[in-house]
Amino acid sequence: MAAAPPPATSVDTPDSIAAGADSTGASGQSGSDTAAPTRHHPWRRAARAAALGTVLGLALLAGGLGWLWHWAGSEGSLASTLQWVGARWPLSSQQVSGSLLHGGHAGQLAWRQDGLQVHIDDATLRWAPAALLRRTLHIQQLAAARVRIDDQRPPSPSTGAPPAALGLPLHVRIDALRVDELAWAGPPALSLHEVAGAYAFDGARHTLDLSHARFQDGRYQARATLGAQAPMPLDVALAGALRTEVPGGGAPTALRLRARLHGPLAELQAQAVALAAADAATPTLPALPAADTPLALPADADGAQAQLSARITPWAAQPLPEAQVRLQAIDARAFWPSAPHTRLSGQAELAPLAGAPGWRITADLRNADAGPWDHQRLPVEALQADGQWQDGIATIERLQARLAGGTLQASGRWASAADARWQLDARAADIDPARLHSQLAAAPIGGTTQLQGQGAALDFTLALQARPAPAAPAKGLRALDLRSAHARGRWAEGWLTLQQLDMRAGSAQLAGNARLHLLDRRAPSGSADLTLTAPGLQAHVQGNLGATRGEGKAQLDVSDAARTLAWAQTLPGAAPLLAGLQARGAATLQARWHGGWQDPELHARLSAPSLQAQRAQDAAPWQLQGAELTLDGRLAQAHATLRGALQQGPRQIELQAAADLARSTPKATLAASTWRLQLQQLQAKVSDPALGAGAWQLASAQPFTLQGVAAARGPLQLSAGALTLTSPAPVQQARLDWGPLRWQGGALASTGRLTGLPLQWAERLAGVKLADYGIEGALLFDGQWDLNWDDRLRLRAELARASGDLTLVARDTDTGLAARVPAGLRQARLQLASDGPAVTARLDWDSAEAGQAQGELRTQLSAAPDGQAARAGAGPPARRWAASCRRACRASPPGRRWRRRAGACAARWRPTCAWPARAGSRR
């Protein structure tokens, strides 16, 4: 029996599907006359749809990845990524270039969050993203010109144990790491320079190779490894070469340093040795210390040397349980440039107390290079100390020092608890102040000091007395002779209270009491009743002063300025400022105030009937006669007057002025406040042989105002105003009017005009007489200017004849008779215009009998070194000149001179003309 044939397999094709659709539609229309459609399995359709969706999804994914790869490698992708990050995190970036795929450059990067600020300048990144497929972040180059870190976050509480792990999700490799300057804002502020190295993390440990770094005057290299899992073994090796200059031109000194820090992170062992370097000028870096090799000084070591060993437990109650240091001829300045120069020898030890938590401290140090502070030396010659620290209490059992030729002994007890009481007693004997500071007289001093306190509050008592010293050499007569110092007071919560103060130095004495708030310098406050008596001087201040309250008075009487100046020159730091200065005369200051310093009511009067001063470079002394300055009213609106005469040799100026003074920012400091000075009256008389005989008079024609901030570079504003200048006989007057003037950040804008300027004033200033050149008459000129000077100079200035005429005088040499011909002057104008370096000068002269002339000069001026000339910057200047002269002009002496000089000028007219440049001026 034959087997039945297998059923025909239905294969869905697009045509069959379409035919099925058609047949379905037809059956719907014809009802039962149409055959039933072929039946398909649903799972087959789902499989085909899934396959098609997978293919489309993979295609879209591949396309998206391709587009993303292309975008990541295009210019600007790095900037877009940093902007996206900055929109979600506190990161800002500027001047970014490069791509995310290959790296790039950022001019500035800044991170600010919770008191932490990190600023990075000129950052560069180059990396290999393909290494991420091997779970490795491979950075080929990571560099920055400057990295500044400012961490003002509050200290986080200690966990009491080191972290359990310090791993990273990826392996990391940085081939080249470079930072030109790495700055820590502090405190204390630190800076590393020329930092270069490499970093790696292999999943088990971190490795840092520092090939070069410079700190202060030293060069260093280091190698460090840290395990990523507990107990996190740390091994740091450091080598350095330190160099320091010796004041006074001595030979420089240098040290070679080698150090190791190793062990588990919870308990580290530190060792360091330093030896004098033979090549002090350019010391070479020593080799890094090898692992598992203890560091020790050679047995035959000579010169400067130091050895340090310590045990460090960062998370224990005693972070430094023990340490030992041995020194020989060590200069502290080699390790810290701001420290004084020393030659320290001796040893110090920090050891744990037996059977109790705490330390015992012993020190025995000697300094072979002791000297005054102002000579960059340490005035301590030797120091021996014994003490201990236990349960937050420091006890100084014995402290004895040889200080400035004398001795200092101290003992005491201090507790770290907020409410604990503490005490320190000190006794000094035969200490030479001249060895503390060279501007103090060599009068040995001794006495006692007691310090007592509770928490941050401090009570002190000071009693020092000098004993007679041998006669000082001549140079010592200008030193401050400290005789005695007695003080009793308290420091608590920012207030310094001096219940008793009595200091005597030579023939000067400061005595009284005071209470001052010193924490905030921008908001000073306090009270005082102090009297200062010095040679030729007596001062007294009594009162109180705060931000909104205050009342008091002050008085200063200088009866002999010469004696006062000689005494002031003995004060520390004053000699360089007052060197070569001489003075004599008397002056008085009386002042009283009511109200706080924000807006006090002041009444002050400074008078100097006769005061004279002369510097070493002055040819004659400056004499101040009948001078008086007064100030009355509140700072928001005060009135000031000034009068007096100042004379030096034949030159003299008499001044009288009245002004209103106002401060519009009462809560700011005096230097940072905005001040407004309205000058109501100004009168001055000036006599100077260079200006001719007689006195010139300067006067204000109307009030004008000056406004600005004293401690800033602007803005400074001067309102519109006018001044008149009157000459001595023959009396003539000119007037100067100016519009509002503004100066800010180096930019200056000004306009104004000048009227009635006589030609005869040129005779006075130049020292010549026009009659000697055959010219008589009187001319008046008017002028105006418009100046705008910011990044470039824009100037329009003009000086033109306003009225008057000249007379040409021709004298016959045989008969001596003179013929006078009016010039018939119609126009005389000089114009100057500048737009940046382009300068144009134009002269127009027109007269009936003195000829006509027109000239123009165009050039490009550029700045020249001091003392040289300002020459044309791009090429020769362009010139145009035309002139004519009538018969009367040609016959006159000035006309004949003009023709000779015009011919000589035409012969010498070359494009290499130059004008002398005023040193330091803008051209």
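Visitor: Which side chains meet in a salt bridge with an N to O distance of 3.8 Å?

Guide: Side chains of opposite charge can pair when their charged atoms come close. In this predicted model, the side chains of Arg504 and Asp502 meet in such a salt bridge, at 3.8 Å from N to O. Arg504 is partly exposed, because its relative accessible area is 37%, which lies between the 20% limit for buried and the 50% limit for exposed.

Visitor: How many salt bridges does a search of the whole structure find?

Guide: The search finds 28 of them. One of the pairs is Glu776 with Arg820, whose side chains meet at 3.2 Å, N to O. Glu776 belongs to strand β41 (residues 775-789) and Arg820 to strand β43 (residues 818-822), so this pair ties together parts that are 44 residues apart in sequence. There is also a network of salt bridges that links Glu381, Arg402, Asp432 and Arg435.

Visitor: Turning to strands, which strand does β44 pair with over 10 bridges, and in which sense?

Guide: The partner of β44 is strand β45 (residues 838-847), and the two pair in the antiparallel sense. Leu830 stands opposite Leu843 in β45. Two residues lie between the strands of this hairpin, where Gly836 takes a positive phi near 70°. Strand β44 (residues 825-835) is also joined by seven bridges to strand β42 (residues 793-811), again running antiparallel, with Arg829 in β44 as the bridge partner of Ala800.

Visitor: And how many helices and strands are there in the protein?

Guide: The protein has nine helices and 49 strands, and buried residues make up 29% of its 923 residues.

How values were computed
Residues numbered from 1 in each chain as written. Predicted model: local features only at pLDDT ≥ 70, side-chain atom pairs only at ≥ 80, totals over all residues. Heavy atoms only, no water. Helix = DSSP H or I, 4+ residues; strand = E, 2+ residues; numbered from the N terminus. Buried < 20%, exposed > 50% of the residue type's maximum accessible area, 1.4 Å probe, protein only. Pairing = 2+ DSSP bridges. Salt bridge = Lys/Arg side-chain N within 4 Å of Asp/Glu carboxyl O.
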